[in-house]
Every structure is written in structure tokens, then in C-alpha cells.
Amino acid sequence: MSSACSLLNLVRRDIRVMKPYVSARSLSPLAEGDILLDANEMPYAPLVGTKGYNCYADQQPVELIEAVASFFKVDPVRLLVSRGADEAIDLLVRLFCQPGKDSILISPPAFPMYARAAELNGTRVISVPLEIDFTLDVDSVCAAAAEDTKLVFVTTPHNPVGISVPEEDIIKLCEHFKGRAAIVVDEAYIDFSPHSSAAHLIDSHDNVVVLRTLSKSMGLAGVRCGGVIMHQDLIKEALKVLAVYPVPVPVLETVLEALSPASCKRMREKRARLLVNKKWFVERIENLDVVEKVFPSDANFILVRFKDVVSIESLARKNGFVLRDQNNVPSLEGCIRISIGTRSHMEALATLFEKGELPERMKGRKGECLRRTKETGIDVKVNLDRVEPISVSTGIGFFDHMLDQIATHAGISLKIEAQGDTHIDLHHSVEDTAIALGQALAQALGDKRGIERYGFTLPMDESLAQIALDLGGRGMFVFKGSFAAAQVGELPTILVEHFFRSLAENLQATIHLSIEGADTHHQVEACFKAFGRALRMAVEQNKKDMCVSTKRLL
Ligand SMILES: *Cc1c(COP(=O)(O)O)cnc(C)c1O
């Protein structure tokens, strides 16, 4: 631990002599209650977000470093947290490679960001392709590296191939390049693999640099948080290169929450489920006529070589699947990289590969109603098998909020755009929206094969809304109770009853709604939520594709 890192001399000289950026706060630790007049921040909290948005987060917030280090199981002094591993790649290139002089080494097909970061930094890229079976060609890597090669990139599990690099290969590289180059082990997918991280090698080989990320295995790609693990001497130098205040406060808050033991446990379960999906999908497709080869993968994706990749790619796209075509990548001709999704995504994709088309029920049950009258123009689109998008715009704020409740609680995608004569009153807009929604839902239900048919709900809060729903085909509405006030927001409560009546008639559903309570806003909201919940249960498709009627027809 005490001796200096053998790579310290490889850090760009101009960076080594540079002094780290110093803020008033980094000079002396802050005490509780200190008054901060040093960074030109606003003393008043902003109107959005939580406490702390008006202040810069520390360069490397201690609680974040500790949480992330503990998740990666490394010493916090060896961790630098960056905006994703991508930023760490760029940082390493700038830290070690003098523009116009040095080089990095990659093994194509390689993750494109290594070469990109190098090009942006005026750094040469030496390429040593993977072997024909996609294993790393360690001897050629050692032979091809130049005097000025500062970084050797190794990806394990590999993206886009998916195979892992054995630890003994990494050790061989470390020994060969000792004191001469950093071995950058990109472990973006390590949490999905049965292998352990190379980070422990830093104790014995101080030229190991490990890249990690929360994007893939923790499901936080949109949060942008990853990091680099390396000898503490190198971390000190890297901090000089890192952008100022790179960790936004909302990111800090989100990551701390996401790394709580409870949430880590749930993500571990999700990863396990994903791996089960992967195994299922591989077994399902590997013997299909269209498939030439499925490559083994330790990650959350698989690389597949198809006999006719162009038509597979266009078939997938036509049916709403976006896959990663690798056909133009040398040595990956005919290949597509497929990320593993939910079981139902993978079932649909496998069926598509096998049959060349999707069965109706896998396309998602969609319905649409474009209703034009002299009083209103209403466009409604629903998809019972997607949860997004949800967007509602009727020009009546409170009503929008209620329709959003239906979609959210039903777990369906809903788009409503309504324009109406709201300058007269809201009656037509509310009624016609209900009619159009009812018709769109009825269309989406189609022949109703396999639906659960009934929905029931549970009590909520001080207001009690109870809905019993039957999608069996008879339009009937029964209402019990009364609203505490005649109006909520701009919406007359009499229209709530009218909305559900029009909906029941147009959806051809039986809806029994009863409401109790004291706060009208809660009462109305409870009605819409309860309907959403009931709808969710009723549109659910049962595994047996069974018709819930003794008539065998709904
Ligand atoms: C996704 C990925 C990254 C980048 O991850 P971020 O943390 O989201 O920037 C790095 N390396 C490989 C191999 C990847 O696939």
C-alpha cells in the first residue's frame, strides 16, 4: 500500500505538475450550521426538487463514494465516481495519453467508446482483433503494443460478444505491461456474470484499472453513474482531470437510494430473473431455421448470427422491435446483438423469428377512436399491453389528472387529445371523452379471448370508492353515494357520474360505483383510481387463454 504506484510516471507530465482545483470547502471540512457564502450559490431553495438543489455537491461526495465502493466491494480510496463508465473511459485517455503522441490498444470488435475517446484526444489506436472464437489474443496484444501505448482495453464480459476473459489472461497482461501501460478492464456487465471482478488484482498488480457502472445491472442507465477503480495514487491524479462538480445532486440522492440493501436485493432478484429469461430465449431460438449460431454470453444480451440478417432485422423493426445490428462490424457479419427483455418480450421475439409474424395477441391489444362532432374533437388511442406512453390533454386540468389516474392504475398506454366547447361548459368534452375512451377500450379488447373479465377494488383513505366491473358485454352503470361538493377544480361532480355512465355504455361494461367520503377531490380521485385498478384486473389475460363465461363467448 505504501509504495508509489508504478504507473504514476505514465500520467501525462503536464497533469502531474498541475495543482488540483481548490475550493474554499475543500480547504477545511465544513461544520454543521456553517454559512456558505463562498460559491455564489443562491441562499434560497429553488421551487423544484428537494433540499440541497441550490448548492453544488462535493466533487466526490463522501457518502456517495462510500456507498458505491461498498457496492463494488472496493476500498473507497481507490474509487472515482463518474458520469457513467463512458466518462471514465474519456478521463483515462486524457489522463495517460499526451495528444498527438501516445496510443491505446483495443481488440476489435470492441466497444466503440475506446476509439472515440482516443480520437477526440488525438491519440492513436492500435487494433489487435480477437481470435476467431472471440477470445483475447494475449500474445499478439503483447507483441503489437508500442512504446507509447499507455492503455490496453479488455472488456469482460465482452460487448457485443458476451464472453468473459479468463483472469489468468488479465494477469499475463498485467505482468507483461508492468510499469509500462495500464490494463483497463471494462466490467460493465460483470454483475450478470458468474465471474468475480478483477479489482482485487490491484493489490498485487498496480497497473490494473477497472471500469464499472450502475447503468446495466442496477437499471440506472438514465442516471449516469459509474466509476473507475485503480491505485489511490492514480485516483489523485485523475481527480485533476475530472469535470468540476460532476455529480448532480438528484443523481447523488437517487444512487444512495438505489444502493440501499433492500433495493440492491431486489435488483439482484431482477438480474436473476433476466438470466432465466436469457437461458429460456437461447434454448428457444438456437435450433430455429433462421438462426446460424447463438454465441455464449455472460451478460444481459446475446449475440446471434442469422442466416439472412437483413430480412431478420427488417422483420423485427416492422414488428416494433429495435435490435442492435452488427452486420457492418468486421468479423460480426450476419450478427445481431439482442438485449434480454421481459419474458413476454422474449416470447414474442422468439415467436417472430420462428413464424415470421406475430400472433395477434402478442402485438398488444390496441384500440383507437377519433370522434368528431360539432361540439368536440376527441382522439383516443389505447394499448392494453403497454404501460407507456400516457398523455392526456383535454383542456380541463383536473379531468386530465383523473384520466391519467385511470391509465396509470390500469397499467395501460393511453393517449387522449380532446378539444371541445369548454367555453360553454364541460359537459360535452367530458361526455365525448368517455364515449371515445369506451369505444377505444372496447376495440382493444376485441373478441376478449382470455381476459379475466371481472375487476374489483379495495378501499382507499378516508374516501371509499368501490368499483365492481364486468367487461362481459352489457353496458350498465349503477351509482351509489354523493360527492361532498358540487364542484372540484373546474369540474362539476355531476359530470363524474355522467362520465362513468357514458363509459359503461360505450365500453359495453357493467360498472357499479359507490363513493363515500368528505373531501371531494379525494372522492373523485378515488373513483378514477378505483376504475383504473378494476380495469387492470379485468383486461389481464389469463394464462389458459380461457373464456370466463359458461357461454364460452363474451
Ligand atoms: C454500456 C457500456 C459502458 C458505459 O456505461 P455507462 O456507465 O452507461 O457510461 C462501458 N463499457 C461497456 C463495454 C458498455 O457496454
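**Figure 1. Surface and overall dimensions of the predicted chain.** The accessible surface of the chain comes to about 27,100 Å², and carbon and sulfur atoms account for 53% of this area. The model shown is predicted. Its C-alpha trace spans about 80 × 70 × 40 Å along the principal axes. Of the 554 residues, 51% count as buried.

**Figure 2. Secondary structure and contacts along the chain.** The chain contains 16 helices and 21 strands. Among contacts between residues at least 6 apart in sequence, 71% join residues at least 24 apart.

**Figure 3. The seven-stranded open sheet.** The strands follow the order S1-S7-S6-S5-S4-S2-S3, with mixed pairing. Strand S1 (79-82) and strand S3 (124-127) stand at the edges; each has a single partner strand, so one side of each is left without a neighbour in the sheet. From one strand to the next, the twist averages 25 degrees.

Figure 4. Strands of a sheet pair through backbone hydrogen bonds, in either a parallel or an antiparallel manner. S1 and strand S7 (residues 226-229) run antiparallel and are joined by four bridges. Leu79 has Ile229 of S7 as its bridge partner.

**Figure 5. Helix H5 on the sheet.** Helix H5, made up of residues 113-120, packs on the sheet. The strands that H5 touches are S2 (103-106), S3, S4 (149-155) and S5 (182-186). The direction of H5 makes about 170 degrees with that of S2.

**Figure 6. Ala509 in the loop between helix H15 and strand S21.** Helix H15 covers residues 494-507 and strand S21 covers 510-516, with Ala509 placed in the loop between them. Ala509 has 0% relative accessibility and therefore counts as buried. Leaving aside neighbours within four places in sequence, the residues in contact with Ala509 are Leu469, Asp470, Leu471, Arg474, Gly475, Met476 and Ala504. Leu471 lies 38 residues from Ala509 along the chain, and the C-alpha atoms of these two residues are separated by 4.7 Å.

Key. Residues are numbered from 1 along each chain as its sequence is written. This is a predicted model: local features need pLDDT of at least 70, side-chain atom pairs count only at pLDDT 80 or more; totals for chains, interfaces and linings use all residues. Side-chain values use heavy atoms; hydrogens and water are left out. Helices (H or I, at least four residues) and strands (E, at least two) are DSSP runs, numbered from the N terminus. Buried means under 20% relative accessible area, exposed over 50%, partly exposed in between (1.4 Å probe, protein chains only). Contact means heavy atoms within 4.5 Å. Accessible areas come from the Shrake-Rupley method with a 1.4 Å probe; for residues, only the protein chains shown count as cover. Two strands pair if DSSP finds at least two bridges between them. Axes are lines fitted to C-alpha atoms, for helices over the stretch in contact, and angles run from 0 to 180 degrees between N-to-C directions.
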